[in-house]
Amino acid sequence: GLLFLPWRVIMVYLPIRLLELGGRAFHQGTAMSVMSISIMPVLMLYPRLRKRCSCRCLLALGSLSMAARLGIMAAAEAPWVLVLAQLLEALSYGLVQPAIMELLGRADPALRPRVVSIWTGIQMALCTVVANGLVTLLSGRFGLNEIFAWMIIPTVLGCLLLLRAACTKEVYSDAG
């Protein structure tokens, strides 16, 4: 779930950050479109990428892309920089989400529905609540740009935990 906290922060607070930098509804719509459109080619290429790279490699690349995205968003001084940073959604979400789904698919068949349900609840509901609470707590001391920078920490921690899980004998296999 740590890896998905920053996604929830971005989804909720990117529009506010855009407004802080003088952006308009045009920038918000463009940023959301860039996020949605950019992941499509990567999701379509994932099976080919997976044949060449391990799940671990794709998780690492996706997580590093998310950390880079957050860093760019933290340093942005113009709305168009925030919009362009959303291109990294292609690699961050486009590689991490299918890799996680693959790992979940390797769970014991009797437990798989429960594992997927729990994961979905954590990723969608719990991460949204925790992310909003965290930003509320941090916003008294930090601006959104600094909060985006702080979100690099759960991204890296979540990546390390996922990589550890991907290395276990039952779950991890190299390419293929």
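Helix 1 (residues 5–20) and helix 2 (residues 25–52) have axes that come within 9 Å and cross at roughly 145°. Helices here are DSSP runs of H or I with at least four residues, numbered from the N terminus. An axis is a line fitted to C-alpha atoms, for helices over the stretch in contact, and the angle between N-to-C directions runs from 0 to 180 degrees. This is a predicted model, in which local features need pLDDT of at least 70 and side-chain atom pairs count only at pLDDT 80 or more, while totals for chains, interfaces and linings use all residues. Residues are numbered from 1 along each chain as its sequence is written, and side-chain values use heavy atoms, with hydrogens and water left out.

On the side of helix 1, the contact (heavy atoms within 4.5 Å) is made by I10, M11, L14, P15, L18 and L19, and on the side of helix 2 by H27, Q28, A31, M32 and M35. Sorted by class, these are nine nonpolar, two polar and no charged residues. In this sorting Ala, Val, Leu, Ile, Met, Phe, Trp, Tyr, Cys and Pro are nonpolar, Asp, Glu, Lys and Arg are charged, and the others, Gly among them, are polar.

Helix 1 also meets helix 3 (residues 55–75), with axes that come within 12 Å and cross at roughly 25°. The two helices are therefore roughly parallel to each other. The cut-offs are under 35 degrees for roughly parallel, over 145 for roughly antiparallel and 65 to 115 for roughly perpendicular, with the rest oblique. The crossing of helix 1 and helix 3 is left-handed. In helix 1, P6, W7, I10, L14 and R17 take part, and they meet M66, R69, L70, M73 and A74 in helix 3. This contact has eight nonpolar, no polar and two charged residues.

What is the angle between helix 1 and helix 6? The axes of helix 1 and helix 6 (residues 112–138) cross at roughly 70° and come within 8 Å. That makes the two helices roughly perpendicular. The crossing of helix 1 and helix 6 is right-handed. L5, R8, V9, V12 and Y13 of helix 1 are in contact with Q123, M124, C127, T128, V130, A131, N132 and V135 of helix 6. By class there are nine nonpolar, three polar and one charged residues.

Now to the cysteines. A disulfide is a covalent bond between the sulfur atoms of two cysteines. Counting a pair of cysteine sulfur atoms within 2.5 Å as a disulfide, a search of the whole structure finds zero. C53 is partly exposed, with a relative accessible area of 23%, and C57 is partly exposed at 38%. Partly exposed lies between buried, under 20% relative accessible area, and exposed, over 50% (1.4 Å probe, protein chains only).

Two glycines remain. G71 is in helix 3 and is partly exposed, at 29%. G71 and T30 are 41 residues apart in sequence, and their C-alpha atoms are 20 Å apart in space. G105 is in helix 5 (residues 89–105) and counts as partly exposed at 35%. Ten residues along the chain separate G105 from V115, and their C-alpha atoms are separated by 9.1 Å.

Key:
Left-handed = near helix turned anticlockwise from the far one by under 90°.
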